[in-house]
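Trainee: I have a model on my screen and would like to learn how to read it. Where do we begin?

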Amino acid sequence: DVADLILFRQILEMAGYEVDVAESGAEGILRYRRFAPDLILLDITMPRMDGFEVCTRLKSLHEEDLQTRRHKSRDGRQKAIEQKAAPILFLTMHAAKDFVDRAAQLGVDGYLLKPVKAKTLLARIEQCLLESKTPSKPAVAAPEEPAVEPITDDESSPAGETDEPPA
């Protein structure tokens, strides 16, 4: 939805982030290759290609990039340059368990439900960015616990609202 794109872009830019927007999944993949973002926000519902397919393709592209970014160490052995993929955060209106489960299977870094407060969105983005800069640790979760749970605000409010009192 174009209105969402405009609103979320404004929120992120006001918070000091450099933002690049794609209006479709295919365009998003092209922009990923061109701009190498630090974080990717995806909706599930997008024109021509849904967010699940975009996520799958982005993860595949990252793996291909790792394979091509090899260099020789001083002793001549091949070493892959370790680089984490940009975190992927779903921002969607789909709260159904099958959507959340599918996102978890794809290994997304977060799942936020719309409408979301700006404060919640920015906090989750910051958390994803911080986690992406720390060394990888194996994730351990009990089989019955979902790896990804949707984050909702306590109150339904538009994304532009904050918890701050009006000035």
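Mentor: Begin with a cut-off: a residue counts as exposed when its relative accessible area is over 50%, and as buried when that area is under 20%. Keep in mind that this is a predicted model.

Trainee: Is arginine 48 buried or exposed?

Mentor: Arginine 48 is exposed, with a relative accessible area of 73%. It lies in the loop between E1 and helix H3 (51-68).

Trainee: What should I look for in backbone angles?

Mentor: Most residues other than glycine have a negative phi, and most peptide bonds are trans. Now the cases here. Arginine 48 has a positive phi, near 70°. Alanine 36 has a positive phi too, near 45°. Alanine 36 sits in the loop between H2 and E1 and is exposed, at 57% relative accessible area.

Trainee: Which residues does a cis peptide bond join?

Mentor: Lysine 114 and proline 115, with omega about -5°. Proline 115 belongs to the loop between E5 and helix H5 (118-132).

Trainee: Which residues of helix H2 are buried?

Mentor: In H2 (residues 25-35), Gly25, Ile29 and Tyr32 are buried. Down the axis of H2, the buried residues fall within an arc of 55°, so they line one face of the helix. Exposed Leu30 and Arg34 are on the face turned away from that buried side.

Trainee: In what order do the strands of the sheet run?

Mentor: Three strands form an open, parallel sheet, in the order E1-E4-E5. E1 (40-42) and E5 (110-113) each have a single partner strand, so one side of each lacks a neighbour in the sheet. From one strand to the next, the twist averages 25°. Three bridges join E1 to E4 (residues 88-92). Isoleucine 40 stands opposite isoleucine 88 in E4.

Technical notes: Residues are numbered from 1 along each chain as its sequence is written. This is a predicted model: local features need pLDDT of at least 70, side-chain atom pairs count only at pLDDT 80 or more; totals for chains, interfaces and linings use all residues. Side-chain values use heavy atoms; hydrogens and water are left out. Two strands pair if DSSP finds at least two bridges between them. Helices (H or I, at least four residues) and strands (E, at least two) are DSSP runs, numbered from the N terminus. Axes are lines fitted to C-alpha atoms, for helices over the stretch in contact, and angles run from 0 to 180 degrees between N-to-C directions. Buried means under 20% relative accessible area, exposed over 50%, partly exposed in between (1.4 Å probe, protein chains only). The arc is that of the directions from the helix axis to the C-beta atoms.
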